[in-house]
Amino acid sequence: MMCRTGQDQGPEPSGKENEPAATDAEFSALLEDSAEELYESAPCGYLSTLMDGTVAKINNTLLDWIGLEREAVVGRKRFADLLSVGGKLYHETHFAPLLRMQGELRGIALELRTRGGGRLPVLVSSAVKQSSEGEPLLIRTTVFDASDRRAYEAELLRRQQEAEKARAEAEAARAEAETARLQAEADRARLADAFTVLQKSLLPDALPAVPGLEAAAYYHTASPDRLGGDFYDLFPVAGDRWAFFLGDVSGKGPQAAAVTSLTRYTLRAAALHDPEPATALRTLNTVLHERYAGGGDPRYCTAIFGVLGPGPEGGITVRLASGGHTPALILRSGGRAEYLPTPGGLLVGILPTAPFVTAETVLAPGDTMLLYTDGLTEARTGDARDSLYGEDALLDFAAEHAPSSPHTTVAALTTLLEGLGDGVNDDTALLALGVPADDPAHRTPPPDGAP
Amino acid sequence: MSPLKITRQDRAAGPVLHVTGELDYDQAAALREETERLPLRPGQCLVIDLAGLEFCDSTGITALLAARQHAQAAGAEVALAAVPANTLRILTLVGLHQVFTLLPDAGADTGAGGGTGGDAGTA
């Protein structure tokens with residue numbers, strides 16, 4: 001009745017009832033039909049073998065990959081026969097023993113032999129089916145095409161190799177830069193060595209020992225890579241007389257060093273010919289003027305040249321001439337300090353004939369005469385480095401230290417220069433000549449001593 | 001350290017360079033380059049106005065000597081105007097006050113035809 005009633009309710013609802021029924025039918029048909037179909041045509045290979053590997057069942061997908069007929073495989077080949085030589089070896093030495101031990105293996109990468117001798121990279125998973133008593137019965141195996149994955153891995157590997165290559169190239173470039181840096185350092189060191197040797201050639205290695213005279217010298221290089229143009233020397237001329245000079249060549253660097261060299265050897269040669277100070281400077285003036293005038297690049301020097309001779313009462317006479325150089329400073333044994341003025345002497349080398357001014361003094365025992373270049377008096381002082389140390393400051397400094405032996409004087413000035421630091425932006429040469437005090441422990445000012 | 005500034009004024013008697021700032025190792029080259037470029041005719045006088053000079057070391061002196069060489073090569077004279085006291089002291093120390101013509105100041109432009117400007121005011 002119920003059914004009837006239901007049927008009686010009209011044909012329209014029956015249409016509605018038919019639709020789910022048809023879908024269910026299609027769905028179950030799909031399930032029923034596809035069980036075998038799914039096995040045969042699945043997107044992966046299926047394989048069942050006996051425990052010795054003999055193929056018992058194989059699906060179409062896998063047959064298609066290996067390019068063999070079912071009859072040629074089932075009962076005739078073992079799974080290992082389907083693999084590449086390397087795969088077969090791996091299967092026998094690792095895969096099969098592990099599978100027997102563990103009962104299951106997943107995702108092992110192997111290669112199948114395909115139709116025409118090619119190879120197909122695959123990922124193989126196997127599981128052993130056991131009887132209810134736990135006896136192994138057969139092996140079920142799925143085989144997935146791994147060529148996409150292999151390509152992906154190859155791509156990864158290629159990228160990794162590229163990255164490695166780039167890294168190696170960067171490393172090589174870095175090593176090359178390091179080599180260049182080391183080379184540049186070596187070059188710089190060689191150049192600095194050459195500069196040092198050249199600089200030394202412009203100065204005496206050591207001051208000679210002069211009887212009755214104490215001598216001390218110092219050279220301060222403001223910049224190690226700018227050859228300085230300061231120079232000094234002390235050497236014998238004739239009999240018991242000695243000559244000395246100290247000066248400063250204009251400019252810096254190799255050109256200045258060349259002028260310094262010319263100056264030094266000209267003065268030495270001139271002194272041997274005629275040790276009269278102004279004459280030696282005139283000779284130098286002529287040489288420098290002929291060599292450098294009119295070239296648009298004036299080269300000149302300032303210099304004091306002098307001659308030492310025996311003086312009264314153990315003293316030494318000094319006769320010197322100046323060409324545009326700062327005056328000699330004398331620290332008297334009595335504690336005074338005074339300049340030995342030489343006003344009007346001209347820079348050496350700028351005019352064909354130049355006036356040079358001569359002055360004389362006597363160094364008594366305990367007196368010290370200091371020659372210096374303008375690196376000292378032109379040193380910038382003050383926080384702003386905007387004022388110069390100057391000659392007045394140097395005179396005060398000398399007066400504070402007098403009396404002072406040549407070595408003590410040079411040591412005190414060395415300390416002063418170090419204190420001025422980077423305010424000393426020019427090279428500085430110091431040459432101090434003095435007569436040792438008779439008895440430094442009981443030195444007394446002479447009657448006409450301190451003012 | 002004040003930067004060196006050079007301004008040029010062309011007068012009939014010759015160019016005037018007004019130099020302000022510091023003539024030291026780092027900056028004196030600028031004055032040398034400026035003077036080397038100057039067109040000078042025989043009989044002209046190059047006046048270097050040092051009224052604004054704050055500092056001058058030996059490289060500055062060399063630049064002034066280079067200017068003198070350049071002027072002499074062109075048959076011209078050179079004069080230094082308004083030399084500050086400390087620079088005058090250095091010039092005197094090295095004897096160059098005997099070599100350069102020193103003027104109290106750079107003077108005014110005497111206008112066209114003022115050909116005697118270079119001789120005026122010699123100290």
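This is a predicted model: local features need pLDDT of at least 70, side-chain atom pairs count only at pLDDT 80 or more; totals for chains, interfaces and linings use all residues.
1. Two strands are said to pair if DSSP finds at least two bridges between them. Strand E1 of chain A, residues 45-50, pairs with E2(A) over three bridges, in the antiparallel sense. Within this part of the structure, Leu47(A) stands opposite Ile58(A), a residue of E2(A).

2. The sheet that holds these strands is open and has five of them, in the order E2-E1-E5-E4-E3 in chain A, with antiparallel pairing. Its edges are strand E2 (55-58) and strand E3 (104-113) of chain A, each of which pairs on one side only. From one strand to the next, the twist averages 25 degrees. As background, strands of a sheet pair through backbone hydrogen bonds, either parallel or antiparallel.

3. A helix also belongs to this picture. Helix H5 of chain A, residues 85-102, packs on the sheet and touches E3, strand E4 (119-130) and strand E5 (136-145) of chain A. The direction of helix H5 makes about 165 degrees with that of E3(A).

4. For chain A as a whole, the secondary structure comes to 11 helices and 17 strands. Chain A has 451 residues, and 34% of them count as buried. Among contacts in chain A with a separation of 6 or more, 63% are between residues 24 or more positions apart.

5. Chain A also meets chain B: 18 residues of chain A are in contact with 16 residues of chain B. On the chain B side, helix H2 (residues 58-73) of chain B gives the largest share, seven residues. That side divides into eight nonpolar, six polar and two charged residues.

Technical notes. Residues are numbered from 1 along each chain as its sequence is written. Chains are lettered from A and ligands numbered from 1 in the order in which they are written. Helices (H or I, at least four residues) and strands (E, at least two) are DSSP runs, numbered from the N terminus. Axes are lines fitted to C-alpha atoms, for helices over the stretch in contact, and angles run from 0 to 180 degrees between N-to-C directions. Two residues are in contact if their C-beta atoms, placed from the backbone, lie within 7 Å. Ala, Val, Leu, Ile, Met, Phe, Trp, Tyr, Cys and Pro count as nonpolar, Asp, Glu, Lys and Arg as charged, and the others, Gly among them, as polar. A residue is buried if 20 or more other C-beta atoms lie within 10 Å of its own, exposed if 12 or fewer, and partly exposed in between; C-beta atoms are placed from the backbone.
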